[in-house]
Amino acid sequence: MKRVAVIGGGMAGLTAAWQLTGPKCRDDIEVTVYQRGWRLGGKGASSRGRHGRIQEHGLHVWLGYYENAFRLMRRVYRELDRPTTDPSCVIPGFDQAFAPMHRVGIADTAESDWADWIAGFSPIGGSPGAGADRQGPSALRFIRRVLTLLADFAASLNDEDIDGMPPGPVVLSGSPDPPAGPPARPDRLIRLAEIGSMIAGLEVLRTFDGTARRSGLASAYLLDRIDAIRTDIFDRLGRDADSRRSRDFVDLLVTCVRGAIRDGLFMNPAGLAAVNDVEMREWLRSHGAAEQTCRQPLIKAMYDLGFAYRDGDFDRPGIAAGQGLLLTWKMFLEYRGALFWQMQAGMGDIVFAPLYQTLKARGVRFEFFHRLDQVHLSADGARVTALTFGRQATMRATHEEYRPLVRVAGLPCFPAEPDADQLVGGVPADSESHWSDRGTERPRRLTAGTDFDEVVLAVSIGMIPHTCPELLARSARWRAMVEHVATVPTQALQLWLTPTEDELGWPHVGSAVSGYPPPFDTYASMSHLIPREGWPDGQRPGSIAYFCSVLGGPGTDDPDLARKIVKANAVEFLDKRAGHFWPGARHPDGGFRRDLLHTDRAGGSDPLESQYWSANVDPSDRYVQCLPGTLAYRLRADGSGFGNLFLAGDWIDNGHNAGCIEAAVISGIQAANAVRARPLTKGMLGDYRPGTA
């Protein structure tokens, strides 16, 4: 029997535990998950506060291309079988747990005031995680897809109807062969044929084994034709705001194709990763993008959603060009069902409580209140020989294992505080603290060969300097990774309001919008969660709004000071920004009427005290970035350099390499494969190979 210690109960660690156990696995592995504090989920953890209010780490939505993550959750709910095991649960299965979010927007600040550019993305391609395998990232596939999209766009710019039919639609589709719209006129059929010939030319150029001069001539021809398409589209666009946005969008697409051809990305074995040393906007500029294109709302929103600002400084954006191309392609051109998917309760309720329940049923053991303090190596530095944990709490003799879940509004959930009745001495003061200078009073040391055989290290990269000094002292590759793979603190604000969104005057009910000015650049309507909270009769709020962004500036290393900064940002937002969202709630002086904040009657005289905000500055809570020139320093799941140590997390080189649930799930699959000595990509959807993104 092989004993595997999984350190960290976030999405990566739990995915690894899932892959190592279950009905289809041999009974040759015993898994124990060691988790700091009383909650699972890592940066995705959520809990329930007063009146069952959902309290999140931040704004969490799942993107429609998260094939591996959605497939995992489909399997979890199928195995959990709540209609049989928990018939009273209000979310019995996957179809009730996730719902499509079709209305996604971008804040356009190019004019004198904000303008919300809300797009309705068509529900195309079924549901993520339910269909056949998707091909992984490929520069050639990216170019082909963008050229097809340009053809769709050009086809939609009719000056007159065809046989009484409206102009053709622009379709942002998850399908490589999107709907073509209404019948085309001969000139547009010629354009579509030209696009087809260009795609064929790319295929020839990719396999071209002639002279460099002839390859250069072929590339020059393709670039010339692409520029002609851009000029043709620009000539037919108007000068209003919508046309300006269309120009920016077309210029972005054309620049991406031109850059991929000029840099030979579709012929380079590294693919898109070949330009990861270049910053995304600089790469676009170098290939002829207009400055307006580089500053357009769509690009800013990509940086906002990826928290792509060095040290939280909005004046220092940074994302690797190859990674930016990959995320743009996957997000907008490969989604299934909907661009965004919303969880129908907190992420802890929808994702981590079901995962915990199914893993427990599989025999996985959970050791809560175990804070990793040290990873110890053998004298020769070849293997992990021991693990030291700070035991943050001791179970009562009547409880063999801590039971973390409570029931709120018909759902198993994680509470905002641990259950003191299960613990000797009540609730520990530092039960979620990452590190304590005074050390731990209850250390627990596990030894290799007695307590574990192999280790899956699934903590955040921010924890490594605190927990792995022996590894850093032994390995230059570990030191380089910690030095170069950056993280950034984030902030989140949740507001419960007494009026409904209609009454507040927000015209885009049920939408998510990014690209706003600081202090909070991203917003989402979350009013659908009201029935899932535990409000007493007659005390329910009318609406819920979530906001988030990076958190930068002095003082953000101090958790207490950082919380004060986030509160000050909340005050600034309400006094200066909230009127844009809710014109029906403007105070005569232009600020927001705070009396419309819904109080839970525990916040004193200031209703803001009844809201929820978080400063995510703990090393394990910081968001992992994809800065240019840094992705090559990431280690693979099987690349720790120590014989019995494997890695999982969105910070490793997993082929996706972005701070998101999909990357975490992929890394967990790869870690489990590494433990079993299988190919890293076995059982994955999409060709996410380390070193390709």
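Residues are classed here as nonpolar (Ala, Val, Leu, Ile, Met, Phe, Trp, Tyr, Cys and Pro), charged (Asp, Glu, Lys and Arg) or polar (the others, Gly among them). The structure is a predicted model, in which local features need pLDDT of at least 70 and side-chain atom pairs count only at pLDDT 80 or more, whereas totals for chains, interfaces and linings use all residues. Numbering runs from 1 along each chain as its sequence is written, and side-chain values use heavy atoms, with hydrogens and water left out.

Helices are taken as DSSP runs (H or I, at least four residues; strands are E, at least two), numbered from the N terminus. Two packed helices are described by the angle between their axes and the distance between the axes; the axes are lines fitted to C-alpha atoms, for helices over the stretch in contact, and angles run from 0 to 180 degrees between N-to-C directions. Angles under 35 degrees count as roughly parallel, over 145 as roughly antiparallel, 65 to 115 as roughly perpendicular and the rest as oblique. Contact means heavy atoms within 4.5 Å.

H1 and H19 pack with their axes 7 Å apart and at an angle of about 40 degrees, and they are therefore oblique to each other. Their crossing is right-handed, the near helix being turned clockwise from the far one by less than a right angle (anticlockwise for left-handed). On the H1 side the contact involves Met-11, Ala-12, Thr-15, Ala-16, Gln-19 and Leu-20, which meet residues of H19 including Ile-661, Val-665 and Ile-669. This contact comprises eleven nonpolar, four polar and no charged residues.

The axes of H2 and H19 come within 7 Å and cross at roughly 70 degrees, so that these two helices are roughly perpendicular to each other. Here Glu-67, Asn-68, Ala-69, Arg-71 and Leu-72 of H2 meet Ile-661, Glu-662, Val-665, Ile-666 and Ile-669 of H19, a set that divides into six nonpolar, one polar and three charged residues.

H2 also packs against H13 (residues 347–361), the axes coming within 10 Å and crossing at roughly 55 degrees, which makes H2 oblique to H13. The crossing of H2 and H13 is left-handed. Met-73, Val-76, Tyr-77, Glu-79 and Leu-80 are the H2 residues in this contact, and their partners in H13 include Ile-350, Pro-354 and Leu-355; by class, the contact has eight nonpolar, two polar and two charged residues.

The elements giving two or more residues to the pocket lining are H1 (11–20), H2 (67–80) and H19 (661–675), and H2 gives the most, with three. Nine of the pocket-lining residues are charged, five polar and four nonpolar.
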